[in-house]
Amino acid sequence: MISHALKGFALALAFSLTGCGYNTLQTTDEQVKSAWSEVLNQYQRRADLVPNLVETVKAFAAQEREVFTRVTEARARVGSIQATPELVENAEAFAKFQAAQAELSGALSRLLVVAENYPQLKSVANFRDLQAQLEGTENRIAVARNRYIKAVQDYNVTVRSFPSNLTAIAFGYKTKPNFTVENERAIQTAPKVDFGTKGK
């Protein structure tokens, strides 16, 4: 009873104030959803490159089984997470998503280090194409992630600022989780894909 009364009071108070923030909450929430969709799109693009990249490197470095296994397992973990729009509402699920993506980034980095030991790969057109696509995708991921971070920041400020925080309480809007600083350090740097210095 008390909680309903408090919500009713908060709602009445929010609407009695000029600029209750409802429209801003709607706008910023949609911006977060749009930015999140683009993050997922770019991560999926990277995941789609992995099988071809692994197979191309494997043709030259078949003995590096442990590295190939780690990349494949990391990609499988990324694929097992239901990356729905609701994921950004759940801090624990979001953290698992971040951890899986960071694991795939690390596994790809190890794969590319292995590839550096096989300089003849740089003469393979398929590998050069995959290298360029991965490089471009990592850049797109960084841009998409940064846009998402900004969108969540704007949304969270609206949710926490007066008087829009009263509207947020009344309508059940809560702050959304964002990429952590630790995670940003781990995944901010794209895997190194320069093979030009080996074997010369």
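**View A. S80 lies in helix α3.** The model is predicted: local features need pLDDT of at least 70, side-chain atom pairs count only at pLDDT 80 or more, and totals for chains, interfaces and linings use all residues. Residues are numbered from 1 along each chain as its sequence is written, and side-chain values use heavy atoms, with hydrogens and water left out. The side chain of S80 reaches the backbone oxygen of R77 at 2.8 Å. S80 and F97 are 17 residues apart along the chain, and their C-alpha atoms are separated by 9.7 Å. Helices (DSSP runs of H or I, at least four residues) and strands (runs of E, at least two) are numbered from the N terminus.

View B. E73 has 40% relative accessibility, so it counts as partly exposed. On that scale, buried means under 20% relative accessible area, exposed over 50%, and partly exposed in between (1.4 Å probe, protein chains only). E103 is 30 residues from E73 along the chain, with 9.5 Å between the two C-alpha atoms.

**View C. The largest pocket is lined by residues from several helices.** α2, α3 and α4 (91-116) each supply at least two residues of its lining. The lining consists of L40, Y43, Q44, A47, R75, A76, V78, G79, I81, A83, F97 and Q101. A pocket is an open set of points on a 1 Å grid where a 1.4 Å probe fits, with protein on both sides within 12 Å along at least five of seven lines; lining residues have an atom within 4 Å of a point. The residues of the lining divide into eight nonpolar, three polar and one charged. In this count Ala, Val, Leu, Ile, Met, Phe, Trp, Tyr, Cys and Pro are nonpolar, Asp, Glu, Lys and Arg are charged, and the others, Gly among them, are polar.

**View D. Q42 is a residue of helix α2.** Its relative accessible area is 5%, so Q42 is buried. The side chains of Q42 and E38 make a polar contact at 2.7 Å. Such a contact is a pair of N or O atoms within 3.5 Å; within protein, one must be able to donate a hydrogen and the other to accept it, and residues adjacent in sequence count only if both atoms are side-chain atoms.

**View E. E116 belongs to helix α4.** With 10% relative accessibility, E116 counts as buried. Between E116 and V57 there are 59 residues of sequence separation, while their C-alpha atoms are 9.9 Å apart in space.

**View F. W36, Y43, F94, F97, Y148 and F179 form one aromatic cluster.** Rings of Phe, Tyr and Trp (its six-membered ring) pair if their centres lie within 6.5 Å; planes under 30 degrees apart count as stacked, over 60 as edge-to-face and the rest as tilted. This rule gives a count of eight aromatic pairs. The rings of W36 and Y148 have centres 5.2 Å apart and planes at 50 degrees, so this pair is tilted. W36 lies in helix α2 (residues 22-58) and Y148 in helix α5 (residues 125-160), so the pair ties together parts that are 112 residues apart in sequence. W36 and Y148 are both buried. Y148 also pairs with F179, edge-to-face, at 5.8 Å centre to centre and with 80 degrees between the planes. F179 sits in the loop between α6 (164-171) and α7 (181-187), 31 residues from Y148. Y148 and F179 are both buried.

**View G. Two lysines each have the charged end over an aromatic ring.** K58 sits over the ring of F68, its charged end 5.6 Å from the ring centre. For K176 over the ring of Y155, the distance is 4.7 Å. A charge sits over a ring if NZ of Lys or CZ of Arg is within 6 Å of the ring centre and within 35 degrees of the ring normal.

**View H. The backbone before and after helix α6.** Most residues other than glycine have a negative phi, and most peptide bonds are trans. The peptide bond from F162 to P163 is cis, with omega near 5 degrees. P163 is in the loop between α5 and α6. In α6, the buried residues are S164, N165, L166, T167 and A168. G172 follows α6 and has a positive phi, near 80 degrees.

**View I. The whole chain has seven helices and zero strands.** Its elements run α-α-α-α-α-α-α from the N terminus on. The chain has 200 residues, of which 40% count as buried.
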